[in-house]
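Look at the structure first, then follow each step.

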Amino acid sequence: MGDVVGALPKYQNELGHFAKVVMPMYRTKFLFENEWELVHEGAQQMGNHYFNYAVIKEKTNKLGFDLYLVDINGLLDREKIYGYDDDTERFLAFEIAVCDWLSKWQHKPDVIHCHDHHTALIPFMLKYCYAFNHLATIPTVFTIHNAQYQGWIDWNNSYLLPAFDSWKWGLLDWNKNINPLACAVKCASKVTTVSHSYLDELRQAANGVENLMQYERGKSMGILNGIDSDVWNPQKDNLIIKNYDDHLVKEGKKKNKKELCGQFGLDIDKPLIVFIGRLVGEKAADILPDAIRNSIYQHHGGANFLVLGSGDAVVENKLDELSHQLHGYVNTYIGYDESLSHLMYAGADFLLMPSRVEPCGLNQMYALRYGTVPMVRSTGGLKDTVKDFGDWQGYGIRFNHASVNDITYSVGRAIDLYNNKRDLYNWMRSYMMNIDHSWDAAAGEYIQLYESLQSG
Ligand code: ADP
């Protein structure tokens, strides 16, 4: 979500529109490294308490859009974004403060675009909370980045909401809880997901709201995220050893691979398969150690593996153990390292993404841009962006299950492609590097959606 909110408005502004972003003022590095000005101060009630809030704005427009942060002492002034016992109060206070600040603007925004459950009560508040009634006609768009988390609130805490038209309580409710995500799906003018396939999948399985997703299909659509093609550009990337374009992909990747293999003690002549990402169940990281071990045994060490990630401690330990046991075949870097990730996209031959859930996924799009063949499970955004090389003009490897067997089989296909189908492999690399996944297209689709709401 951070990637989208950080990039989409920049591209929308470049298209001649005026997109502003408002988010909570967490105590992050970005806050301390930039200059801010105070633009608004207010106070609001939440339940039996009043809270003060302040809105600050980044001074230099360095991101290409106006960024506003809402400061609420005692609630948002923390390092982590979520995962606290009082998350309900934290995000409710943020939503209330945003609606209150908006209600003080001289101009009304044309559209308000909310992202995920943390902002999902805003469409309801604007329409049915008495204090914000005069904003009720502003169209709203709600984007689902991840439907697993819905922000459930016990009905006993409904007193925390600003006074609302009680006839509308049913819009807040889903399965006897206040369900912000479900509420936004009901109340927003339009609902989007970050890929077409993810929307299809949510109608089958959406952590309890699948029937609602089916019911509201008429106002829902998928818009695939883009990537920042200035940052992720092998021709200009200064975090890699050798820059290259689609004509120089072979030599360019070889130099980057040499550096990578040198750093991690791997064999430059073998296909290098990498995994980059959070080591969590959603990414199927739990089966990664067994899948790598099995692949190395079954394919007689025909491929090397490198994993960059952090997350579940059990998986981290298993991967570390594996890199000691199968030294020279597999290595790991446990932690977060953006520079290394760039070198891996540039130097690897294949990128493995066996994700169980992938609403859009960025890694596979970065891999395509760097001429690294994606090996993905057919789900969500992975399905929408990767075509198997067995199909007409395919340029990737797809499999159906997040299982050791499917991964092992796919590794076999990767080894065969690398060793025995060199012409096809070279064609695939240049072809995929020219696929356009830049934000321009996605930004245009969102603008079209907003405009449809103006006339409607
Ligand atoms: P998600 O947002 O679900 O984690 P995405 O594929 O949408 O997955 O985005 C993940 C982003 O985070 C990519 O840009 C990827 O390169 C980056 N990333 C994930 N883990 C690491 C890591 N350990 N080091 C560097 N970059 C990472």
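A pocket is an open set of grid points with protein on both sides within 12 Å along at least five of seven lines. The model discussed here is predicted.

Q: What is the volume of the second largest pocket, and which helix gives the largest share of its lining?
A: The volume of this pocket is about 180 Å³. Helix 9 and helix 16 each supply at least two residues of the lining. The largest share, four residues, comes from helix 9.

Q: Are helix 9 and helix 16 roughly parallel or roughly perpendicular to each other?
A: Helix 9 (residues 249-264) and helix 16 (residues 422-433) pack with their axes 10 Å apart, at an angle of about 95°. Angles of 65 to 115 degrees count as roughly perpendicular. Therefore helix 9 and helix 16 are roughly perpendicular.

Q: Which strands stand at the edges of the open sheet of six strands?
A: The order of the strands is 13-12-11-14-15-16, with parallel pairing. Each edge strand has a single partner strand, so one side of each is left without a neighbour in the sheet. The edge strands are strand 13 (330-334) and strand 16 (397-399).

Q: Which residue of strand 15 is the bridge partner of Leu 351?
A: Strand 14 (residues 350-353) and strand 15 (residues 373-377) pair in the parallel sense over four bridges. In strand 15, the partner of Leu 351 is Pro 374.

Definitions and conventions: Residues numbered from 1 in each chain as written. Predicted model: local features only at pLDDT ≥ 70, side-chain atom pairs only at ≥ 80, totals over all residues. Heavy atoms only, no water. Axes fitted to C-alpha atoms, helices over the stretch in contact; angles between N-to-C directions. Parallel < 35°, antiparallel > 145°, perpendicular 65-115°, else oblique. 1 Å grid on protein atoms, 1.4 Å probe; cavity = no way out; pocket = protein on both sides within 12 Å on 5 of 7 lines; lining within 4 Å. Points joined across faces, edges and corners; volume = space filled by probe spheres on them. Pairing = 2+ DSSP bridges.
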